[in-house]
Amino acid sequence: MILSLVFEWESQKMKIKWLLNLTLCLGMSVVLSPLLAADKTAELPEKEKFHIYLLIGQSNMAGRGKVDPASNKAHPRVLKLDKAGNWVPATDPLHFDKPKIAGVGPGSGFGPVIADAYPEVTIGLIPAAVGGTPLSRWVKGGDLYERAVKLAKENQKKGVIKGAIWHQGEGDSSNPKLYNSYQKRLSGMIADLRTDLGEPDMPFVMGELGEFFTRPGAPTVNQALHGIAKEVPATAVASSKGLPAKSDQVHFNAESEREFGKRYAAQMLKLQKQAAEK
């Protein structure tokens with residue numbers, strides 16, 4: 001009798017253990033499924049219907065806005081190039097320059113607006129920005145310039161480069177030699193980038209440094225951006241007017257980054273419209 005009760009108890013324990021394991025597995029599946037889906041390599045459309053944009057510059061392009069997991073969903077026709085070189089749904093963060101702090105950037109607002117403007121195509125974002133980097137690393141011969149060109153060329157086999165968006169200048173705003181030569185150096189970079197990608201008329205949109213950013217050369221950098229827009233064809237400036245910072249007073253917050261991205265997109269669409277009308 002006692003042996004029978006012991007056996008029955010052990011049997012019940014095994015059933016309970018099995019049910020708990022099954023419940024845990026099912027629960028983990030529910031949690032992990034969206035993550036696995038987000039990282040799933042996407043099926044690309046034909047080359048002419050895959051429009052690619054370069055996202056280049058330093059941390060305010062890479063994005064430091066706080067990511068909200070509850071609303072972190074990709075537009076169905078916006079993809080990003082991941083660290084492994086795969087095209088995946090464009091959830092935040094788009095960049096992976098500094099994984100512990102990478103967050104929402106202007107690409108998060110830019111991609112969906114461009115996709116909605118061209119409903120027949122898929123948008124691909126190449127996130128190549130790196131926080132804390134000077135313009136010297138982005139001119140021809142610089143490591144980040146060469147890396148961005150390499151990524152773009154590799155993916156020209158899959159799609160068409162339609163433009164680049166740029167945010168940088170904080171790193172050059174403390175040294176008069178750097179900010180006073182900014183316009184000339186960035187103009188040269190734009191020309192080289194277009195030549196190296198075989199896209200002589202590629203639209204290039206630059207973002208103003210934040211109004212909150214108070215380093216000595218910040219106004220000069222912003223003046224340089226507007227000077228380029230006046231002198232270099234197919235370039236434009238996205239305004240940072242009224243966009244607040246995070247508490248560090250260096251980086252735009254998440255809401256600002258998304259709005260900034262929409263402003264980049266508006267300028268990009270304007271440049272593309274002007275080109276189409278020529």
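Guide: Start in helix H4, residues 143–155. Lys 150 and Glu 154 both sit there, four residues apart, about one turn of the helix. This is a predicted model.

Visitor: What makes Lys 150 and Glu 154 a salt bridge?

Guide: Their closest N and O atoms are 2.7 Å apart. The cut-off is a Lys or Arg side-chain nitrogen within 4 Å of an Asp or Glu carboxyl oxygen, so the pair qualifies.

Visitor: Why is Glu 154 called partly exposed?

Guide: Its relative accessibility is 34%. Buried means under 20% and exposed over 50%, so Glu 154 falls in between.

Visitor: How many salt bridges does the structure hold?

Guide: Seven. One of them pairs Arg 64 with Asp 97, with closest N and O atoms 2.8 Å apart.

Visitor: Which parts does the pair of Arg 64 and Asp 97 tie together?

Guide: Arg 64 lies in the loop between helix H2 (59–62) and strand S2 (78–81). Asp 97 lies in the loop between strand S3 (87–89) and H3. The pair therefore ties together parts that are 33 residues apart in sequence.

Visitor: Is Arg 64 buried or exposed, and why?

Guide: Buried. Its relative accessibility is 5%, and the limit for buried is under 20%, so the label holds.

Visitor: What about Asp 143 and Arg 137: what makes them a salt bridge?

Guide: Their side chains meet at 2.7 Å, N to O. The limit is 4 Å, so this pair counts too.

Visitor: Why does each of these two partners get its accessibility label?

Guide: Asp 143 has a relative accessible area of 42%. Arg 137 has 31%. Both values lie between 20% and 50%, so both residues are partly exposed.

Visitor: Which residues line the largest cavity?

Guide: Leu 54, Ile 56, Trp 138, Tyr 145, Ala 148, Met 189 and Leu 193. Strand S1 (50–57), H4 and helix H6 (182–197) each supply at least two lining residues.

Visitor: How do you know what class the lining of the largest cavity belongs to?

Guide: Leu, Ile, Trp, Tyr, Ala and Met count as nonpolar, so the tally is seven nonpolar, no polar and no charged residues.

Visitor: And the second largest pocket: how much space lies in it?

Guide: About 270 Å³. It is lined by 15 residues, and the closest to its centre are Lys 73, His 75, Ser 108, Pro 112 and Arg 258.

Visitor: Which helices supply at least two residues of that lining?

Guide: Helix H3 (107–117) and helix H8 (254–277). H3 gives the largest share, five residues.

Visitor: What is the make-up of the pocket lining by class?

Guide: Five nonpolar, six polar and four charged residues. Lys 73 and Arg 258 are in the lining. Lys and Arg count as charged, so these two belong to that group.

Key: Residues numbered from 1 in each chain as written. Predicted model: local features only at pLDDT ≥ 70, side-chain atom pairs only at ≥ 80, totals over all residues. Heavy atoms only, no water. 1 Å grid on protein atoms, 1.4 Å probe; cavity = no way out; pocket = protein on both sides within 12 Å on 5 of 7 lines; lining within 4 Å. Points joined across faces, edges and corners; volume = space filled by probe spheres on them. Buried < 20%, exposed > 50% of the residue type's maximum accessible area, 1.4 Å probe, protein only.
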